[in-house]
Amino acid sequence: MKFSLQANDPLSKARAGTVTTAHGEIQTPIFMPVGTAGTVKAVHQRELKDDIDAKIILGNTYHLYLRPGLDTLEKAGGLHKFIGWDRPILTDSGGYQVYSLSKVRKIKEEGVTFYSHIDGSKHLFTPEYAMDIQRTIGADIIMAFDECTPYPCDYTYAAQSIKMTHRWLKRCCERFDTTEPKYGFDQTLFPIVQGSVYKDLRIKSAEFIASMGREGNAIGGLSVGEPAEEMYAMTEVVCDILPSEKPRYLMGVGTPINILENIALGVDMFDCVMPTRNARNGMLFTRNGIINIRNKKWENDFSPLDAESDLYADQVTSKAYLRHLVHSKEMLGAQIATLHNLHFYLWLVKQAREKIISGEFYEWKNKMVKILGNKL
Ligand SMILES: CNc1nc2c(CC[C@H]3O[C@@H](OC)[C@H](O)[C@@H]3O)c3nc(N)[nH]c(=O)c3cc2[nH]1
């Protein structure tokens, strides 16, 4: 994987770059639709490519390992082939899901024992196994097996947690650097900075992660319930330490406002379930603010979702019709709302990139941040 920089914003730490992977180029800042179990829910791969030009999507080790399982994925020739997606894929290591999804789990030095949320079967994820699994899935960018420090937690717990994450990272690097890709194209391992909301621990973790000299770096342990100001403060501390010549990926972030504020702090890559998950509940993100399409006010509003949008669904779907679909829990409602939100997120980061290149990002960001939170 390679990363090149095209522009730095003069009034912030925002930058425009290009990540080059075996499955194609990604212009940054970028938003990565979450396709946890090998599908971006309610959206077809063709729409991702042709309608919203998504450059990279996410898969998740925990989910894919449990279903469809490693045997099927290997026999398919990896996740790209299995789902019919020939652009880049990033997989998270499963560390987060083991905490958020599985019922009972035990965390030991060796790894994490957990019980599947699907059939209760018992499993052990070690740093080594998380690498082997991601080799079998075959994503272009894979994540280290870490402990996403829960929030809130006391200083002692956070300090112990980063030590474990750092020891596990060494084991991930050792395993990754002594195994080969399974499907003939290169994969890249990103380490993950932790440290909860404690500045000194964030500095310590960021310095350790930077010292590993990997091709890209991730910021974890945020967007876990902490106030936005804490998220920004920790992101700023970490971005000032992570090398500028490597891409920075802030995991699980966030709202449109979170994304713009973190781009200004030097973050290049984002993923979040909000545009997909909230779409299914009728929450639409637009360039003028947020629409709750279930609200009665849209009942007889026959204007298009977004007349200025280049997305076909935005032009031909009225607010009234989408309200009807979402209210009736029609599948088409989820499809249109999800496609709209993902198109908006990708439009937003593309606009940010263009403003960074033209040197207008700072003004534009401050204007947008005032609008994007409006309840329409
Ligand atoms: C929502 N906030 C948030 N998500 C986070 C994720 C999961 C993202 C992954 O989880 C799934 O979305 C919930 C998708 O598959 C995505 O790739 C994290 N994963 C790891 N390994 N370490 C972290 O510190 C971490 C922090 C997060 N904060």
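Q: Let's start with a definition: helices (H or I, at least four residues) and strands (E, at least two) are DSSP runs, numbered from the N terminus. With that in mind, where is the place of Gly254?
A: Keep in mind that you are looking at a predicted model. The peptide bond from Val253 to Gly254 is cis, with omega near 5 degrees. As for its place, Gly254 sits in the loop between strand 14 and helix 10 (256-263).

Q: How many helices and strands are there in the protein?
A: Runs of both kinds are counted from the N terminus, so each gets its own number. The protein has 15 helices, and its strands number 17.

Q: Why can we call the protein as compact as a globular protein of its length?
A: The globule rule gives 21 Å for 376 residues. The C-alpha atoms fill a box of roughly 60 × 50 × 40 Å along the principal axes.

Q: What percentage of the residues of the protein count as buried?
A: A residue is called buried when its relative accessible area is under 20%. The protein exposes about 15,300 Å², with carbon and sulfur atoms supplying 52% of it. Of the 376 residues, the buried share is 58%.

Q: Among contacts between residues at least 6 apart in sequence, what percentage join residues at least 24 apart?
A: Contact here means heavy atoms within 4.5 Å. Among the contacts between residues at least 6 apart, the share that joins residues at least 24 apart is 69%.

Q: Which residue in strand 2 is the bridge partner of Ser4?
A: Strand 1 (residues 2-8) and strand 2 (residues 15-21) run antiparallel and are joined by 6 bridges. The two strands form a hairpin, with 6 residues between them. Across this pairing, the partner of Ser4 is Thr18.

Q: Is Ser244 buried, partly exposed or exposed?
A: Ser244 is in the loop between helix 9 (228-239) and strand 14 (248-250). Leaving aside neighbours within four places in sequence, Ser244 contacts Phe3, Leu5 and Arg15. Its relative accessibility is 40%, so Ser244 counts as partly exposed.

Q: How far apart in space are Ser244 and Val267, C-alpha to C-alpha?
A: Along the sequence, these two residues are 23 residues apart. In space, their C-alpha atoms are separated by 9.9 Å.

Q: What covers the buried residues of helix 13?
A: The buried residues of helix 13 (residues 319-327) are Lys319, Ala320, Leu322, Arg323, Leu325 and Val326. Just after this helix, Lys329 takes a positive phi of about 50 degrees. The cover over those buried residues includes strand 16 (283-286), strand 17 (289-292) and helix 14 (331-358).

Q: Which residue in strand 17 is the bridge partner of Met283?
A: Strand 16 and strand 17 run antiparallel, with 4 bridges joining them. A hairpin connects the two through 2 residues. The partner of Met283 in strand 17 is Asn292.

Q: Is Asn217 buried or exposed?
A: Asn217 belongs to strand 13 (residues 217-219). Not counting residues up to four places away in sequence, Asn217 touches several others, including Phe190, Ile209, Leu242 and Tyr249. At 2% relative accessibility, Asn217 counts as buried.

Q: Where is the place of Pro29?
A: Here is a peptide bond to look for: the one from Thr28 to Pro29 is cis, with omega near 5 degrees. Pro29 is found in the loop between strand 3 (24-28) and strand 4 (30-32).

Q: What is the phi of Ala42?
A: Ala42 is in the loop between strand 4 and helix 1 (45-51). At 30% relative accessibility, Ala42 counts as partly exposed. Its phi is positive, in a residue other than glycine, with a value near 80 degrees.

Q: Is Ser196 buried or exposed?
A: Ser196 lies in the loop between strand 12 (192-193) and helix 8 (199-211). Although Ser196 is not a glycine, its phi is positive, at about 50 degrees. With a relative accessibility of 2%, Ser196 counts as buried.

Technical notes:
Residues are numbered from 1 along each chain as its sequence is written. This is a predicted model: local features need pLDDT of at least 70, side-chain atom pairs count only at pLDDT 80 or more; totals for chains, interfaces and linings use all residues. Side-chain values use heavy atoms; hydrogens and water are left out. The radius of gyration is taken over C-alpha atoms; the globule rule is 2.2 Å times the number of residues to the power 0.38. Buried means under 20% relative accessible area, exposed over 50%, partly exposed in between (1.4 Å probe, protein chains only). Accessible areas come from the Shrake-Rupley method with a 1.4 Å probe; for residues, only the protein chains shown count as cover. Two strands pair if DSSP finds at least two bridges between them.
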